[in-house]
Amino acid sequence: MNFAFTEEQELFRKAVREWCSKELTLEKVREMDNKGEIPREIIKELADLGLLLMTVPEEHGGAGADWTTACIAAEELGYADISIAVPVLFLVETAWGFVTDKYCTEHVREEVIRKAARGEAFIGIASTEASGGSDVAAIRSTGTRDGDHWILNGEKTYISGTEEAKKLGGGHFTLVRTSPPPPGAAHRGMTAFFLPINAPGVEVGKRFEEMGRMAISTGSIVMDNVRLPDAYRIGEEGKGFYLTMEGFDNARLLIGATCLGAAQRALELGMQYIKERKAFGNPIGKYEGIQFDLADMWSELEALRSLVYRTAWMNDEKYKRGRFTPLEVTKYISAVKLKVPPFAFKVFEHVMLWMGAWGYTKDCPLEMGLRGIMSYYIGAEGAMNIQRIIIARELLGRDYIPYK
Ligand SMILES: Cc1cc2nc3c(=O)[nH]c(=O)nc-3n(C[C@H](O)[C@H](O)[C@H](O)COP(=O)(O)OP(=O)(O)OC[C@H]3O[C@@H](n4cnc5c(N)ncnc54)[C@H](O)[C@@H]3O)c2cc1C
């Protein structure tokens, strides 16, 4: 057992942190949060640093990085941008760019993967529909074969990066039903496509007014008889559900690392504050009511950091050596998604309480974190109870899936 990062990974972390300390300061994060957009230069610099779609193989335009290294990047970006808008862009593109690249045609690679890795396009995920996000197999959007083309119809909603895709070009890994499900197997008969945002018949709805991660958009996408060549299909016909689950797994892992980084930053800002702020003649950090809270949260943070990086290592072993089954890794990844975002939310909440009235103002950066992390607590890339269902399914067996 060896808990050390490689020298290369340590140097990588240092390089990302150095860049963040100059280009992604809390002042800049506040500016982005107010303006509601990530400047193009930031996206370009992320690409120049080799962060965008970093787990995609080098020959396809990525950096060929492993998931442990991608978690380091996510953690550092979360540490810097506690609003988590830039980490969201990073992790959505890394996770969904990876799964798209793994199964797509060279045509799609040329159209979006290589460009997104250079920061010249955006790639996201469009799975959720108005009728619900958790029950992925219940989607109503359809794909109908028309010779060597497909006709896509339906509407996807709460989709991250709709405006970014409009501005930069690119589109979304999109799941539609292409054949009726066999009895008792609703997850079959769905196919994944790369849906270019500028394809005729695609209409982007208005941006939702959300409570957090203001610098990245969330909107809806209507597909009205969108005609796509078969080259836009990702993976085998009817197997889209499995690919979507693979994408969710990788995204959820990076979400864990992002939330760790943000929680670490909140704790550090809090420690600085409690050493300086005095009440009843002493720095409040001298009082056990504060110290014990700090000690509890630090301990939990370290426990979760171990879980995140152990899971990242398992994910790497799965991809590189087939050492764990995909579902074994999924179980751990769901534990990461279940535990880290609520914990990070708690850290922001508690540190804001330490800060008293100042914590409630926008002069203090912490409210950006509380608002941003709530997105992953509430369910972006998978709701909490869905993680519990996955974990229980892996522990008890498929006969215990509650909705079957
Ligand atoms: C900021 C943000 C960005 C997003 N970006 C994207 C994106 O880019 N692409 C995309 O496709 N989607 C995106 N989503 C949607 C996200 O994937 C869904 O919110 C999520 O899957 C949950 O779906 P839902 O919101 O419809 O909730 P529902 O599925 O309606 O669930 C509501 C509640 O019921 C619980 N629940 C559901 N089923 C069960 C059950 N069987 N047992 C117990 N409890 C249950 C859930 O845990 C949840 O608390 C985003 C969401 C947010 C908030």
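The model is predicted: local features need pLDDT of at least 70, side-chain atom pairs count only at pLDDT 80 or more, and totals for chains, interfaces and linings use all residues. Residues are numbered from 1 along each chain as its sequence is written, and side-chain values use heavy atoms, with hydrogens and water left out.

**The domains**

Begin by colouring the protein chain by domain: domain 1 is 7–121, domain 2 is 123–238 and domain 3 is 241–400. These bounds come from an automatic or database domain assignment. Now keep domain 1 and domain 2 in view; their C-alpha centres lie 23 Å apart. To their contact (heavy atoms within 4.5 Å), domain 1 gives 31 residues and domain 2 gives 21 residues.

The size of an interface is often given as the accessible area lost when the parts come together. Here the two domains bury about 2200 Å² between them, with 69% of it on carbon and sulfur atoms; this buried area is taken with a 1.4 Å probe and summed over both parts.

Next, select E37 and K167, whose side chains meet in a salt bridge at 3.1 Å, N to O. The term denotes a side-chain nitrogen of Lys or Arg within 4 Å of a carboxyl oxygen of Asp or Glu. Between domain 1 and domain 2 the count is one salt bridge, whereas a search of the whole structure finds 31.

Then show helices α2 (26–35), α3 (40–48), α5 (85–103) and α6 (106–117), the elements that give two or more residues to the side of domain 1 that touches domain 2. Helices are DSSP runs (H or I, at least four residues), numbered from the N terminus. The largest share of that side, ten residues, comes from α5.

**Within helix α2**

Select K35 and E31, whose side chains form a salt bridge at 3.9 Å, N to O. The two are separated by about one helical turn because they are four residues apart in helix α2.

**The ligand**

Finally, centre the view on the ligand. Which residues are closest to the ligand? Of the 21 residues that surround the ligand, the closest are T128, G133, S134, Y158 and S160; a residue is counted if one of its heavy atoms lies within 4 Å.

- S134: a polar side-chain atom lies 2.6 Å from an oxygen atom of the ligand.
- S127: a backbone N or O atom lies 2.8 Å from an oxygen atom of the ligand.
- Y158: a polar backbone atom is 2.9 Å from a nitrogen atom of the ligand.

How values were computed:
A polar contact is a pair of N or O atoms within 3.5 Å; within protein, one must be able to donate a hydrogen and the other to accept it, and residues adjacent in sequence count only if both atoms are side-chain atoms.
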